[in-house]
Amino acid sequence: PKEPKPKATVTPKEPKPKAKPESRAKRAAEKTTPELGRLGKRSRDTAVCGATTGEGIGAAVVPPPPPPVAEGSVGPKRKKLRGGGSGGGGHDICVLISVGFDKTVQKTLAAQITKLKGTITTLASDFTHFLTAPPLGRSKHVLCALAAGRPVVGESWLTASSRAGGFVPADPHLCRHAEFEKLHGFDLQCTLDAARSKLLFAGVWAFVVPMAGSSRGAQPKDAAGEMLREVLPLAGAEMASAADVRGASAEELAGDGWLVIATGDSSEAAVRQLVTRGAAVQGHEAVLAGILRHRLVRQTHRP
C-alpha cells in the first residue's frame with residue numbers, strides 16, 4: 001500500500017511591526033504656513049511676531065502682522081467715538097445754553113443735545129461748551145469760557161453734530177463776532193488756544209476787595225466782584241480770604257503770586273490800607289481785559 005504523503009508544514013507569518021506614531025513636531029513641520037501660525041498660538045511658547053520660537057514641541061514661526069490697510073480701502077470696522085474730539089462719548093459733553101435764546105429755541109436746542117447723549121447745565125463751573133449766538137458781550141459766561149479755554153460755539157456746531165450723529169469738533173464752529181473782538185483787542189481762537197495751553201492765573205492767589213459794610217437796609221450787591229469770584233477760579237486762581245490777606249507779607253502782596261482786585265464798589269478804606277501795605281491792587285476792568293486777551297498788564301489801582 002502507498003504511504004500517505006506528509007502534510008506540508010505552514011510557517012506562520014511574522015506580524016509586521018506597527019509604524020511608530022509621528023511626533024507632534026514632525027506633523028507640525030509638514031503642515032502649511034497658515035497651520036504653523038495656528039499651531040504657534042496653541043503652543044505653550046510665546047513667539048514674537050516674525051521670530052522663531054525655541055526648539056522642541058510647540059516650536060512655531062509666527063507670521064508677521066498683516067500690512068496696514070491703505071487709506072480709502074475697506075478695513076475692519078471700529079467703534080465710533082463721540083464727543084467733539086475728546087474720544088469719550090456724548091456723556092463728556094456738557095452744554096450751557098445762552099439765556100439770550102428764545103425759550104422755545106432753548107427747548108429745541110436742549111432736545112438735540114440730549115438726543116446726542118450730551119447733558120445740559122446752568123452752572124458756569126460745569127459746562128464744556130457754551131452755546132450762544134452773536135452779538136457777543138463781555139458776559140460772565142463768555143468770560144468763564146475764555147478763562148477756562150472752553151469753546152464758545154454757535155448753532156452750526158449743534159446742526160453739524162446732529163447730521164453726523166455725534167458731537168463734532170467745536171473749533172470750526174466757534175461763535176465769532178468780529179466787532180466785539182476788535183473792540184476789546186483780542187482773537188477768540190487765540191485766547192482759547194492760550195488758555196488750553198496754560199491758565200492765565202495758574203498758581204496765583206486772588207482777592208477781590210469787598211464792599212464796605214452797611215448797617216442800614218439790605219446789603220447791595222457788587223456785581224463785578226461776584227462775577228470775578230466765579231470767573232477767576234476757572235482761570236486757575238486760588239481765591240483768598242481776608243485772613244489769607246492779613247497773613248501775607250508786603251513782599252508777597254506786591255509780587256506776581258498775588259492778584260488783589262478792586263471793583264467800583266470795593267471799600268475805598270480797605271483799598272487804601274492794602275496799598276499802604278504794598279499790595280499792587282488792580283482795577284477789575286484791567287483784569288477782565290486781561291482774561292479776554294489772555295495777558296494781564298498790571299497797573300496799580302488808586303482809589
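These questions and answers look at salt bridges in a predicted model.

Biologist: How many salt bridges does a search of the whole structure find?
Modeller: Side chains of opposite charge can pair when their charged atoms come close. Here a salt bridge needs a nitrogen of Lys or Arg within 4 Å of a carboxyl oxygen of Asp or Glu. Searching the whole structure gives a count of eight.

Biologist: Which side chain meets glutamate 230 in a salt bridge, and in which helix does the partner lie?
Modeller: The partner is lysine 140, at 3.1 Å from N to O. This pair links distant parts of the chain, 90 residues apart. Glutamate 230 sits in helix 8 (residues 223-231), while lysine 140 belongs to helix 4.

Biologist: Is lysine 140 buried or exposed, or in between?
Modeller: Buried means under 20% relative accessible area, and exposed means over 50%. Lysine 140 has 28%, so the residue falls in between. Lysine 140 is therefore partly exposed.

Biologist: What is the N to O distance between arginine 176 and aspartate 187?
Modeller: Arginine 176 lies in the loop between helix 5 and helix 6, and aspartate 187 in the loop between helix 6 and helix 7. They are eleven residues apart. Their side chains meet in a salt bridge, with an N to O distance of 3.0 Å.

Biologist: Which residues are linked with Arg196 in a network of salt bridges?
Modeller: Arginine 196 pairs with aspartate 193, the closest N and O atoms being 3.6 Å apart. Both lie in helix 7, three residues apart, about one turn of the helix. The network linked with Arg196 holds Asp193 and Asp171.

Methods: Residues numbered from 1 in each chain as written. Predicted model: local features only at pLDDT ≥ 70, side-chain atom pairs only at ≥ 80, totals over all residues. Heavy atoms only, no water. Helix = DSSP H or I, 4+ residues; strand = E, 2+ residues; numbered from the N terminus. Buried < 20%, exposed > 50% of the residue type's maximum accessible area, 1.4 Å probe, protein only.
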